[in-house]
Amino acid sequence: MSATQTTSLIASSPSSSNAPLMRPTSSFTELEQKLMRKALELAENAYECWEVPVGCVFANGEEIIATGRNKTNETRNGTKHAEFVALESLTRTLETKKGDGDGVGVGDGDGDGLLYERRHPEKLDVYVTCEPCIMCASMLGQLPFERVKVIFGCANDKFGGGGTCLSVHEMRGLPSCLQSDTADDGSSSSSKAYECVGGLFKDEAVELFQRFYVRGNPKAPSPHREVREYPS
């Protein structure tokens with residue numbers, strides 16, 4: 001698909017109303033709350049490591065299949081958002097299962113290559129403490145699962161791809177960068193729409209961000225505010 005076609009597709013896709021679907025924490029199930037608490041633990045760990053405090057859990061029902069937290073400061077790599085780090089973990093897991101009948105992993109060995117197939121795609125539930133940015137929201141729509149559902153904590157006012165800035169989760173047919181243009185069965189690879197809802201432990205997620213930005217980000221572009229208590 002050409003750049004012109006992609007631009008046209010985005011322009012004709014559902015636009016954001018600057019109001020992602022948000023629900024009170026009490027409306028989520030005990031399981032959903034339990035898994036988001038795990039994501040918050042990962043976000044807290046990111047904060048302790050002087051990373052932007054976002055954590056992510058990939059689950060298949062009750063089973064946690066991968067986790068991740070932001071590593072952009074640690075790696076100096078702007079793509080190392082929590083969702084991508086979780087996906088790298090999942091890729092490594094799939095690679096270890098080659099030949100077991102569940103799926104085939106096709107990666108670069110260290111989890112950074114994001115090319116893999118599931119012969120029997122299953123559902124994927126994504127719990128992330130902050131609304132996925134446009135980049136991550138697009139990636140989640142390209143994953144080879146039969147159904148993807150995203151539950152997030154607080155809205156992402158600057159870069160949210162789940163309805164705040166752009167409703168990427170409602171877009172269909174965007175070209176995939178995660179798989180080859182044509183699958184083994186001859187079908188083309190493209191993004192699909194998925195459910196995206198926020199509000200679960202929103203206040204806790206916001207509080208982590210407040211602590212982080214009050215303390216200061218040592219890896220922020222200069223000039224930036226004074227950093228407090230940064231370890232030598």
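Buried means under 20% relative accessible area, exposed means over 50%, and partly exposed lies in between, as found with a 1.4 Å probe on protein chains only. By this scale Glu207 is partly exposed, with a relative accessible area of 35%.

The structure is a predicted model, in which local features need pLDDT of at least 70 and side-chain atom pairs count only at pLDDT 80 or more, while totals for chains, interfaces and linings use all residues. Residues are numbered from 1 along each chain as its sequence is written, and side-chain values use heavy atoms, with hydrogens and water left out.

**Salt bridges**

Side chains of opposite charge can pair when their charged atoms come close. A salt bridge is counted here when a side-chain nitrogen of Lys or Arg lies within 4 Å of a carboxyl oxygen of Asp or Glu, and the structure holds 7 of them. The table gives some of these pairs.

| Salt bridge | Distance, N to O |
|---|---|
| Arg211 and Glu44 | 2.9 Å |
| Arg211 and Glu207 | 3.4 Å |
| Glu195 and Lys149 | 3.9 Å |

Helices (H or I, at least four residues) and strands (E, at least two) are DSSP runs, numbered from the N terminus. Arg211 and Glu207 both belong to helix 6, where they stand 4 residues apart, about one turn of the helix. Arg211 also pairs with Glu44; because Arg211 lies in helix 6 (residues 202-215) and Glu44 in helix 2, this pair ties together parts that are 167 residues apart in sequence. Arg211 is partly exposed at 27% relative accessible area, and Glu44 is partly exposed at 25%.

The pair of Glu195, in strand 7 (residues 195-198), and Lys149, in strand 6 (residues 147-154), ties together parts that are 46 residues apart in sequence. Glu195 is partly exposed, with 42% relative accessibility, whereas Lys149 is buried at 16%.

**The surroundings of Glu32**

Salt bridges that share partners join Glu32, Lys149 and Glu195 into one network. Glu32 is placed in helix 2 (residues 30-48) and is buried, with a relative accessible area of 11%. A polar atom of the Glu32 side chain lies 2.9 Å from the backbone nitrogen of Thr29. When neighbours within four places in sequence are left aside, Glu32 is in contact (heavy atoms within 4.5 Å) with Arg23, Tyr127, Lys149, Ile151 and Leu200.

In helix 4, Glu83, Phe84 and Leu87 meet Met135, Cys136 and Met139 of helix 5. The residues of this contact divide into 5 nonpolar, no polar and 1 charged, where Ala, Val, Leu, Ile, Met, Phe, Trp, Tyr, Cys and Pro count as nonpolar, Asp, Glu, Lys and Arg as charged, and the others, Gly among them, as polar.

Key:
Polar contact = N/O pair within 3.5 Å; in protein donor to acceptor, adjacent residues only side chain to side chain.
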